[in-house]
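The sequence and the structure come first.

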Amino acid sequence: MITLSDLHKAYPTAGGPLPVLKGIDLHIDEGELVAIMGSSGSGKSTLLNVLGILDGYDTGAYELDGQLVRALSEADAARLRSRAIGFVFQSFHLLAHKDATENVALPLYYQGIGRAERMRRARQMLVDVGLADRADHMPGQLSGGQKQRVAIARALVTQPRLILADEPTGALDSTTSDEIMALLQRVNDQGMTVLIVTHEHDIAARCRRVVHLKDGRIERDERREPQGAGAAP
Amino acid sequence: MTGWLDRLREVVESHTRHRFRTAVTAGSVAWGIFMLVLLLGAGTGLENNIRWQFRDDAINSIWIYPGMTSQPWEGQPVGRVVQFSNADIERIVEVVPEIDHISGRFYLRGEFTITAQTPAGGTRSGAFSVRSCHPGHRYIEQTMMVAGRYLSPRDLAAERKVIVIGLRVAEFLFPGRPLSGVLGEWVDLAGIQYRVVGVFEDVGGEGEMRQVYIPITTAQAAYGGGDQVHQVMFTVGDATVEEAAGIADRVRRVLARNHHFAPGDLRAVRVRNNLESFHEIQQIFVWLRIFIWLVGVGTVAAGVVGVSNIMLISVRERTAELGLRKAIGATPGQLVSMVVQEALLLTATAGYAGLVGGVAVLEAVRRLMPENEYIRDPQVDMPAVIGATVLLVVAGTLAGWFPARRAARVAPVEALRSE
């Protein structure tokens, strides 16, 4: 699904280029549930930007679903992103002036799908994440966990190959975190590749694979049986 | 496919979300255009009004009135009253060939009772003011004949008792008669019978159309005037302001020689040079127009700065939203076009509202205050105002375009992290 080979990236600064990713080699198979851990400054965000095709890289190679992601134009990157990747963010990033269904439908707008079809698919997706009764609510009327469910529905609505979740439980209490993790695990069980960036150990502990990032390099790549309360059966 | 309605919905939604900011921006744009329209309209109104006040008489006319000498000359004392005569006019025509029409007036003061016979055998009379003059008067006063003819040189030479009457006079004395039927009728003017040879209109308005004209020679003979002339007036063709001043000066010198006063004695004759006054007023209008445009350009510039600022703030505030839209598959082009369309919609709507509002106010002024001293027929130069509106819209659009382009390029993960 994802293959990173000797990936390097540096940011230009006034005092010369500042290397952030210093040779990342990583392979993620289809259907994996992977946590990426690391302290701030470890290169997590940059890696997420590169994986999400929101930013380029300097040397090495990034293959997504068998396709080399390299020197794409912004528009091509946007199209590939729209087709292949769904994003989930720590602070949900629902548009406040749209109701839940409209928020979920927004990615389809950028795929050029008509409004009626968008709304139909979005409503179905809200049913799938258990929010059928909140379809017409505005984000302000939803709890944190409900907002994140809406965000996950929005990430799934384009039927991408990969979900990139950036601290998806960072703004939630532990009970709600469990629910969200359970939802992500369920999505993973249905065959979706899910990649979670987190600094919370109990979240990472629920993933079969944990990649530890430190100072721009992969420090450790653990594979194990998931554990912890509320783990998927 | 997503249609224009879909896109419009996205754009409008963004404005309804930030009602206050949208209102302030729209307000500043609309106000700028509104004020520009009002300013330009008021300027045109003032100018039209002045032109209208000049409408009665030929702009290229010079009027000369006799005065009293204020300098001793050729042994004559000061304080001598100057009196023009028919000979003066003949002399002026000889010496100053640039004059294309000339006339004197012999004043017949007060109103005169004019009586006409009705077809039924009765009489009908009214009081009107009478002017006696030369044939050239027609061009100086801008008299327009609607029936018959004006006074002719032969009328003057023969001191004929003929009369040219204003349209209102004709309507009053001969009610219900066709104008051509009025010609040849006899009217009684202070005991003397005159034959009507023409009926006229005058752009100068109602008062002018209540006048009657008779030959100056007839008036002089009938009312004991000898060959006295109270006032000389003439037009100077297409002479420039400088040439007109020169002509007036030469006429003054002819009169000075005829009446033995100092050529430089400005009190001996008084000169009213319409061309010069009109030119002076036009100069004022040039400055007024420059002033109005400066204010207008300033207003529009302020609007441009306002719109630019608001768009900058709007884009900055929405970094997270733009980042999110980018993450879920919007191309930079789509993001930029969304912001630009927002700016376009806002400024174009507001600019149009200001334009319509301004024009409506001008129209209201025109309807509700048709006759006043200051403003007449206020209008705006539509291409100029539309140009200003387009300028504002373009500026607002550019002001959205630049920051949006920058925002659309940023990798959004950081922007989306912080909230």
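Is D249(B) buried, partly exposed or exposed? D249(B) is partly exposed, at a relative accessible area of 35% (buried is under 20%, exposed over 50%, partly exposed in between; 1.4 Å probe, protein chains only).

## Basis

This is a predicted model, in which local features need pLDDT of at least 70 and side-chain atom pairs pLDDT 80 or more, while totals for chains, interfaces and linings use all residues. Residues are numbered from 1 along each chain as its sequence is written, chains are lettered from A and ligands numbered from 1 in the order written, and side-chain values use heavy atoms, with hydrogens and water left out.

## Salt bridge in chain B

D249(B) forms a salt bridge with R253(B), the closest N and O atoms being 3.3 Å apart (a side-chain nitrogen of Lys or Arg within 4 Å of a carboxyl oxygen of Asp or Glu). The two are 4 residues apart in helix α9 (residues 241–259) of chain B, so about one helical turn separates them. R253(B) is partly exposed at 40% relative accessibility.

## Salt bridges in chain A

K22(A) pairs with D215(A) in a salt bridge, with the closest N and O atoms 3.2 Å apart. K22(A) lies in strand β2 (residues 16–28) of chain A and D215(A) in the loop between β9 (209–214) and β10 (217–223) of chain A, so the pair ties together parts 193 residues apart in sequence.

D55(A) forms a salt bridge with K9(A), at 3.7 Å between the closest N and O atoms. K9(A) is buried at 7%, whereas D55(A) is partly exposed at 24%. Over all chains the count comes to 34 salt bridges.
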